[in-house]
Amino acid sequence: MKFDFDIIEDRYGTNCLKYDFALERGKSKDILPLWVADMDFKTAPAILARLEQVVKHGIFGYSEGKEDYFLAVSRWYKEHFGWEVRPNWLVKTPGVVFAIAAAIRAFTQEGDGVLIQKPVYYPFSEVICDNGRVLVNNPLKLSEGHYEIDFQDFEDKIKANRVKLFLLCSPHNPVGRVWKEWELRKLGDICVKYGVIVVSDEIHSDFTYPGHSHHVFAALSPGYADITVTCTAPSKTFNLAGLQISNIFISNSDIRRKFKKEVAAQGYSQVNLMGLMACQAAYEEGWEWLSQLKEYLSGNLDFVKDFLKERLPEITLIEPEGTYLIWLDFRKLNLPEEELEELIVKKANLWLDSGAIFGKVGEGFERINIACPRKTLQQALVQLEDAVHQI
């Protein structure tokens, strides 16, 4: 490989949430973290070079993206997903969760239902409840190691709970599903039928494993596009979360106007200069780095599969179709939730994301971030193995 993903970068002392805040979060100082969804790899060299130019210039004033920014972003989605977007559809925000919260306030009132599919990225629940909306859950069904959508329950919940907004996680975090076209169409038809606006979080769209393809929800039908707020960002793909840049696409002019008004109401206008530059560089020059990263992550996934099969058969991997987050089933250990956390945190000295924070249906599971050097991943699995075998 041209790029070396085996290098272990020292992230301590960099104000890194993942490594530097263990004590503040009630963990031991030397705990090994594989929780929050950023990567332990330096970003693509082309991005670093672009940022170095900005730093060398030395002026960090108010900034905005010009036509070449839009061309870089739009070309990426056309080449990789066959989705053509227009410049006036684009609204830039500092993050996808910010955009989701803005959409909730723009398109619903207090007491309205907002539907999600647990176990799902936990900020979905937080922004619904924090904004005084009613959380409506259409839980995914786990069948023979594979998560599926309960479409009848989906429609019933919409009808029974005054649902105005649906938060679609695609690819799904944490269960790793890359939704098939027919699944998305079935969801879309129901939402069109009942006038439900869809906020489609597609931040993990660049990470799919062989045999699986991501479908942009809004690209499947003009009718779907007309009800959809599509949330994209380079942050997961190129490890840029701290630069706070997201690209939100809304083709419906009325929905876009309401969304932009809500963003403006929060006092937000221009995005981060470094985020703009990094995003443009990523989409212009980052493909070779990303393609090799995806190959490395596939190797990490294979490593986990082999390790569990040979040394930790008590733990079951839910086979991921996308993302660099894996969902592990610990239920064969028959441990209550508190004892499972004791095993992970105290005995294995690992900082993972407890499945319980993704919803009650996540109890007995753990989410692990495998976007790290293989030696780090191996160390984590060995620590987990030692802890499990002490039970």
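Visitor: Which residue is the bridge partner of Val-114 in β4?

Guide: This is a predicted model, in which local features need pLDDT of at least 70, side-chain atom pairs count only at pLDDT 80 or more, and totals for chains, interfaces and linings use all residues. Residues are numbered from 1 along each chain as its sequence is written, and side-chain values use heavy atoms, with hydrogens and water left out. Helices (H or I, at least four residues) and strands (E, at least two) are DSSP runs, numbered from the N terminus, and two strands pair if DSSP finds at least two bridges between them. Strand β3 (residues 113–116) and β4 pair in the parallel sense over four bridges, and in β4 the partner of Val-114 is Leu-135.

Visitor: Which strands are the edge strands of the open sheet of seven strands?

Guide: The order of this sheet is β2-β10-β9-β8-β7-β3-β4, and its pairing is mixed. An edge strand here pairs on one side only. The edge strands are β2 (90–93) and β4 (134–137).

Visitor: By what angle are neighbouring strands of this sheet turned against each other on average?

Guide: Axes are lines fitted to C-alpha atoms, for helices over the stretch in contact, and angles run from 0 to 180 degrees between N-to-C directions. For neighbouring strands of this sheet, direction is ignored, and the average is 25°.

Visitor: Helix α3 packs on the sheet; what angle does its direction make with that of β10?

Guide: Contact means heavy atoms within 4.5 Å. Helix α3 (residues 67–81) touches β2, β9 (228–232) and β10 (246–249). The direction of α3 makes with that of β10 an angle of about 70°.

Visitor: Which residue in β15 stands opposite Ser-354?

Guide: An open sheet of four strands has the order β11-β12-β15-β14, with antiparallel pairing. Its edge strands are β11 (316–318) and β14 (353–354). β14 and strand β15 (residues 365–369) pair in the antiparallel sense over two bridges, and opposite Ser-354 stands Glu-366.

Visitor: How far apart do the C-alpha centres of domain 1 and domain 2 lie?

Guide: Domain bounds come from an automatic or database domain assignment. The protein chain is divided into domain 1 (23–44 + 287–389) and domain 2 (60–285). The C-alpha centres of domain 1 and domain 2 lie apart by 26 Å. The contact takes 32 residues from domain 1 and 34 residues from domain 2, while the distance asked for is 26 Å.

Visitor: Why does the largest pocket lie between the domains?

Guide: On a 1 Å grid over the protein atoms alone, a cavity is a set of points where a 1.4 Å probe fits but cannot get out, and a pocket is an open set with protein on both sides within 12 Å along at least five of seven lines; lining residues have an atom within 4 Å of a point. The largest pocket is lined by 41 residues, among them Ala-37 and Asp-38. It lies between the domains because its lining receives residues from both domain 1 and domain 2.

Visitor: How much space lies in the largest pocket?

Guide: Grid points are joined across faces, edges and corners, and a volume is the space filled by probe spheres set on the points. For the largest pocket, this volume is about 1,200 Å³.

Visitor: Which helix gives the largest share of the lining of the largest pocket?

Guide: α2 (45–57), α4 (96–107) and α9 (235–238) each supply at least two residues of this lining. The largest share is three residues, and it comes from α4.
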